[in-house]
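Hi,

Here's the structure I promised to pass on.

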Amino acid sequence: MKPTLVRPSGTERTFSEGELIVTKTDPRGVITYANDVFLRISALTEEEAVGQPHSVIRHPDMPRAVFKLLWDTLKAEKEIFAYVVNLAADGAHYWVFAHVTPSYDSAGRVIGYHSNRRVPSRTAISAAEELYGVLRAAERRHDRTPDAVAAGEQALTRILAERGRTYDELVWDLA
């Protein structure tokens with residue numbers, strides 16, 4: 001797929017509560033499998049999705065600090081749950097409640113990642129939008145990506161401390 005800069009259209013896309021979006025990636029986050037629900041919601045064909053970095057659906061409103069937390073957690077060989085807003089190839093956006101886990105070979109080595117995504121509640125989306133707005137504001141104060149990510153991480157750490165919650169507890173509080 002040719003790299004393009006998709007601009008958010010402001011149109012929200014949803015999927016039914018009985019559906020699961022499923023993707024698998026290699027250890028670098030390159031898509032190796034995408035189910036029909038992912039393809040439909042992301043407005044990508046299988047040929048456009050497989051072989052692309054999962055970031056092909058990254059929405060610019062998604063805080064970088066949350067993705068750093070996701071990758072740090074996965075590299076520690078732990079599962080993570082997160083609310084994520086994604087950007088479809090046609091500019092629509094869609095919210096998911098993601099569960100991402102490492103996949104292992106028979107020798108116990110990480111060979112990739114498996115992600116299942118469900119429809120989040122409207123209440124959870126509203127709370128995630130509010131939290132992510134604070135993180136984005138912290139990140140936008142910096143021109144350099146590493147500084148922006150660090151600022152987002154600091155904002156998230158402060159919010160978690162103020163609420164007396166871990167990230168996992170915060171996520172499940174929203175569910």
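This is a predicted model: local features need pLDDT of at least 70, side-chain atom pairs count only at pLDDT 80 or more; totals for chains, interfaces and linings use all residues.

Residues are numbered from 1 along each chain as its sequence is written, and side-chain values use heavy atoms, with hydrogens and water left out.

**The sheet**

Five strands make an open sheet in the order β2-β1-β5-β4-β3, and the pairing is antiparallel. Strands here (E, at least two residues) and helices (H or I, at least four) are DSSP runs, numbered from the N terminus, and two strands pair if DSSP finds at least two bridges between them. At the edges sit β2 (31-34) and β3 (80-87), each of which pairs on one side only. On average, neighbouring strands are turned by 30° against each other, direction ignored. For angles like this one, axes are lines fitted to C-alpha atoms (for helices, over the stretch in contact), and the angle runs from 0 to 180 degrees between N-to-C directions.

How many residues of β1 are buried? Four of the five are, so β1 is largely enclosed by the rest of the structure. Buried means under 20% relative accessible area, exposed means over 50%, and partly exposed is in between (1.4 Å probe, protein chains only).

Now look at Asn116, which is found in β5 and is the bridge partner of Val22. Asn116 is buried, with a relative accessible area of 18%. Leaving aside residues up to four places away in sequence, Asn116 touches Leu20, Ile21, Val22, Phe97, Ala98 and His99; contact means heavy atoms within 4.5 Å.

**The helices**

Helix α3 (residues 64-75) lies across β3, β4 (93-104) and β5 (110-118), running at about 135° to β3. Helix α4 lies across β3 and β4, at about 85° to β4.

Two packed helices are described by the angle between their axes and the distance between the axes. For α4 (residues 122-140) and α5 (residues 145-163), the axes come within 7 Å and cross at roughly 140°. That makes α4 oblique to α5: angles under 35 degrees count as roughly parallel, over 145 as roughly antiparallel, 65 to 115 as roughly perpendicular, and the rest as oblique. The residues of this contact divide into nine nonpolar, one polar and two charged. Ala, Val, Leu, Ile, Met, Phe, Trp, Tyr, Cys and Pro count as nonpolar, Asp, Glu, Lys and Arg as charged, and the others, Gly among them, as polar.

The axes of α3 and α5 come within 8 Å and cross at roughly 85°, so these helices are roughly perpendicular to each other. Arg64, Ala65, Lys68, Leu69 and Asp72 of α3 make this contact with Thr145, Val149, Gly152, Glu153 and Leu156 of α5. Those residues divide into four nonpolar, two polar and four charged.

Cheers
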